[in-house]
Amino acid sequence: MWYGRVALRRLQRIAVAPLSVGSSLTRAAQREMSSLPRVYITRQIPPEGLRILRESGQVQFDIWDSDDVPVPRKELLKKVKGVDGLVCVLTEKIDAELLDAAGPNLKVLSTMSVGFDHLSLEELKKRRIRVGYTPDVLTDAVAELTVALLLTTSRRLVEATHEAKTGGWGTWRTLWLCGYELANSTVGILGLGRIGVAIAERLKPFKVKKFIYTDVAPRPELARMIDAEYVSMDELARQSDFLAVCCALTPETKEICNKDLFSKMKNTSIFINTSRGGVVHQEDLYEALSSGQIAGAGLDVTVPEPLPTSHPLFTLKNCVILPHIASASYTTRNAMSALAANNLLLGLKGEPMIKELKL
């Protein structure tokens, strides 16, 4: 826990102080509270993070107290005025307009996410605002969901469930709802980091024959952990029976999964994306799926989010789409909120964050 006993006792003293207007203790407590750094939280984050902030005695904070509806932009621009710290999630665009609205007091931004494509890093760097983020704590949850999505897509479980519910389950048929096995397959990973390694570790017991990967450069230490071979992007497409996308969204990776990639893949290949929707050219993916260029796709991320229900990808039986839930376990989301809270508190004290994005 990242708070001092003195600070906690101070917060408790403030909390129990009588509310009499004439009380000097109340006035002192109010002055003490008003002198604390101001923080705005853009979403109702899981309880562990809020508990850490409340018990720290180091900040006063305001919060958009909803988990269902993002804070409206107009409200956000008003609420950040004069704050010292900001806790956000990936639905809030942190750009020059917002930073101008916040003003010069803003020194620390803590995002409850591993991705940072919603942040204008150049603007943050220019204004010397420190940035905390939450990698690593969601590795297991994302890897588990990726494997679940891969199996759901390759073995056509959504189709099968629909057939069972709607009366399509008739007599046994030799090739009805057949899918593709992991046994003796080649699994490709686009962007080999901790999540890619964790996915491969979970897939090994399925008797995968070979793991291959591509990245901006070979990553021998991580590759050795899963006995993976570094290949070119073209070879990744050609060899992979299952292709899992794990790379960050950057200007270099934007729509890197496009017609060129899909045209080189086997027509029995399964494409899985649990990274960011922006790495995929969705129109090209639709064409690859609808024409039979590839066998299927499982997506946890799209552009935009939520994806409109009228989008053509929803019309395809061989495309499974989830509502960005890769890190959605109680354990992981609480760990993310705790890390975001601790990053914020450490940053406001001028100390090294647990996980800081170096700008």
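## A pair between distant loops

At 37% relative accessibility, Asp 117 counts as partly exposed, and in this predicted model its side chain forms a salt bridge with Arg 276, the closest N and O atoms being 3.0 Å apart. Asp 117 lies in the loop between β4 (108-111) and α6 (121-126), while Arg 276 lies in the loop between β10 (270-273) and α13 (282-290), so the pair ties together parts that are 159 residues apart in sequence. Arg 276, for its part, is buried, with a relative accessible area of 13%.

## Overall build

The protein has 14 helices and 13 strands, and its C-alpha trace spans about 85 × 50 × 35 Å along the principal axes. Of the 359 residues in the protein, 46% are buried. Among the contacts with a separation of 6 or more, 62% are accounted for by residues 24 or more positions apart.

The protein is divided into domain 1, made of residues 26-136 + 330-357, and domain 2, made of residues 139-166 + 178-321. Taken over C-alpha atoms, the centres of domain 1 and domain 2 are separated by 33 Å, and the contact takes five residues from domain 1 and five residues from domain 2.

About 530 Å² of area is buried between domain 1 and domain 2, and carbon and sulfur atoms give 45% of this area. Two salt bridges are counted between domain 1 and domain 2, and three residue pairs, with both residues at pLDDT 80 or more, are in polar contact across the interface.

## Other salt bridges

A search of the whole structure finds 23 salt bridges, including one in which Asp 95 and Arg 73 bring their closest N and O atoms to 2.6 Å apart. Because Asp 95 lies in the loop between β3 (85-88) and α5 (96-102) and Arg 73 lies in helix α4 (residues 73-79), this pair ties together parts that are 22 residues apart in sequence. Asp 95 counts as buried at 16% relative accessibility, whereas Arg 73 counts as partly exposed at 29%.

Arg 130 and Glu 356 also meet through their side chains in a salt bridge, at 2.8 Å from N to O. Arg 130 is in strand β5 (residues 130-132) and Glu 356 is in strand β13 (residues 356-357), and the pair links distant parts of the chain, 226 residues apart. Arg 130 is partly exposed, with a relative accessible area of 22%. The side chains of Asp 136 and Arg 194 meet in a salt bridge as well, at 3.1 Å from N to O, and a network of salt bridges links Asp 100, Glu 123, Lys 126 and Arg 127.

## Cysteines without disulfides

The structure holds zero disulfides. Cys 246 is in no disulfide, and the nearest cysteine sulfur, that of Cys 247, is 7.9 Å away; at 18% relative accessibility, Cys 246 counts as buried.

## Backbone details

Most residues other than glycine have a negative phi, and most peptide bonds are trans. Against that background, the peptide bond from Val 303 to Pro 304 is cis, with omega near -5 degrees, and a cis peptide bond also joins Glu 305 and Pro 306, where omega is about 0 degrees. Pro 304 is found in the loop between β11 (296-299) and β12 (319-321), and Pro 306 is likewise found in the loop between β11 and β12.

Arg 128 has a phi near 55 degrees, a positive value in a residue other than glycine; Arg 128 is found in the loop between α6 and β5, and at 72% relative accessibility it counts as exposed. Arg 156 is found in the loop between α7 (139-154) and α8 (157-166), and at 28% relative accessibility Arg 156 counts as partly exposed.

Terms used. Residues numbered from 1 in each chain as written. Predicted model: local features only at pLDDT ≥ 70, side-chain atom pairs only at ≥ 80, totals over all residues. Heavy atoms only, no water. Disulfide = S-S within 2.5 Å. Buried < 20%, exposed > 50% of the residue type's maximum accessible area, 1.4 Å probe, protein only. Salt bridge = Lys/Arg side-chain N within 4 Å of Asp/Glu carboxyl O. Helix = DSSP H or I, 4+ residues; strand = E, 2+ residues; numbered from the N terminus. Domains from an automatic or database assignment. Contact = heavy atoms within 4.5 Å. Buried area = accessible area lost by both parts, 1.4 Å probe. Polar contact = N/O pair within 3.5 Å; in protein donor to acceptor, adjacent residues only side chain to side chain.
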